[in-house]
Amino acid sequence: MDPLILARGLVKRYGGRTVVKGIDLDIHPNEVVALIGPNGAGKTTTLEMILGLRPPDGGSVAYWCEDPRKHLGVQLQATPFFPALTAAENLQLIAAFYGMRLQPGEMRDILQRCGLAEAERTEASRLSGGQQKRLAIAIALVHRPQVLFLDEPTAALDPRARKEIRDLIRRLSRSGTTIVFTSHDMEEVEKLADRVILIHRGEIRAEGSPESLPRQYGVGNLEELYLELTV
């Protein structure tokens with residue numbers, strides 16, 4: 001199956017420092033891909049180049065369609081809400097940026113899928129941390145993207161909120177959304193990802209399924225692999 005996104009030789013420099021060093025990355029339909037690696041490894045910068053948020057200093061990105069921005073959804077670590085607006089009003093405003101107007105049924109469907117049905121009329125500033133993460137994902141889903149990028153979607157959440165976000169990711173995957181996410185939680189990666197890509201010092205050090213990678217490197221699990229390859 002042809003990839004949706006084909007990145008080749010991506011390079012990014014800041015001053016005299018190269019933070020991404022020739023990364024090749026393919027994203028295929030209907031898969032869940034986890035990017036793992038230490039802080040500063042180049043994961044977020046790689047995603048930003050794929051998304052067109054940062055221009056690469058080398059390499060290229062090819063997409064399956066002419067205007068990928070219409071088909072990509074993005075949840076960054078810090079999603080700016082309009083705090084005085086309700087969850088529903090935030091969604092309606094973001095939809096307007098895409099030239100859309102959500103019908104009541106569409107609004108309820110997005111809120112329901114993201115576990116926010118009861119928070120429809122709650123101001124964004126009054127939502128819990130887990131609800132705000134779900135609202136960030138709901139905002140990324142407003143235009144029905146084919147590929148969804150999530151940057152540490154469960155970071156700094158309590159166990160219940162983490163479970164809710166993981167359940168949401170599973171539901172989205174089952175509905176046919178291709179998902180790329182970053183995480184430092186190896187248990188989460190093992191549970192959610194079809195494919196794992198470990199990035200360290202701007203390079204891909206390992207790639208494969210959560211089951212095959214530990215066997216390939218002779219370790220017991222992903223956490224041991226992470227520790228082995230990020231020294």
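A residue is buried when its relative accessible area is under 20%, exposed when the area is over 50%, and partly exposed in between. The model examined here is predicted.

Q: Why does Glu207 count as partly exposed?
A: Glu207 has 37% relative accessibility.

Q: What makes Glu207 and Arg195 a salt bridge?
A: The closest N and O atoms of Glu207 and Arg195 are 2.5 Å apart. A salt bridge needs a side-chain nitrogen of Lys or Arg within 4 Å of a carboxyl oxygen of Asp or Glu, so the pair qualifies. Glu207 is in strand β9 and Arg195 in strand β8, 12 residues apart. Salt bridges with shared partners join these two residues and Glu31 into one network.

Q: Why is Arg195 called buried?
A: Arg195 has a relative accessible area of 13%. Buried means under 20%, so Arg195 is buried.

Q: How do you know that Arg166 forms a salt bridge with Asp185?
A: Their closest N and O atoms are 2.7 Å apart, and the limit is 4 Å. The pair links distant parts of the chain, with Arg166 in helix α5 and Asp185 in the loop between β7 and α6.

Q: What makes Arg8 and Asp26 a salt bridge?
A: The N to O distance between their side chains is 2.7 Å, and a salt bridge requires a distance within 4 Å. Arg8 belongs to strand β1 and Asp26 to strand β2, so the pair ties together parts that are 18 residues apart in sequence. Arg8 is partly exposed, with a relative accessible area of 33%.

Q: How many salt bridges does the structure hold?
A: The structure holds 14 salt bridges.

Q: How do you know that the radius of gyration agrees with a compact globule?
A: For 231 residues, a compact globule would have a radius of gyration near 17 Å. The chain has 18 Å, which agrees.

Q: What share of the chain counts as buried?
A: Of the 231 residues, 47% count as buried. The chain contains eight helices and nine strands.

How values were computed. Residues numbered from 1 in each chain as written. Predicted model: local features only at pLDDT ≥ 70, side-chain atom pairs only at ≥ 80, totals over all residues. Heavy atoms only, no water. Helix = DSSP H or I, 4+ residues; strand = E, 2+ residues; numbered from the N terminus. Rg over C-alpha atoms; globule rule 2.2 N^0.38 Å. Buried < 20%, exposed > 50% of the residue type's maximum accessible area, 1.4 Å probe, protein only.
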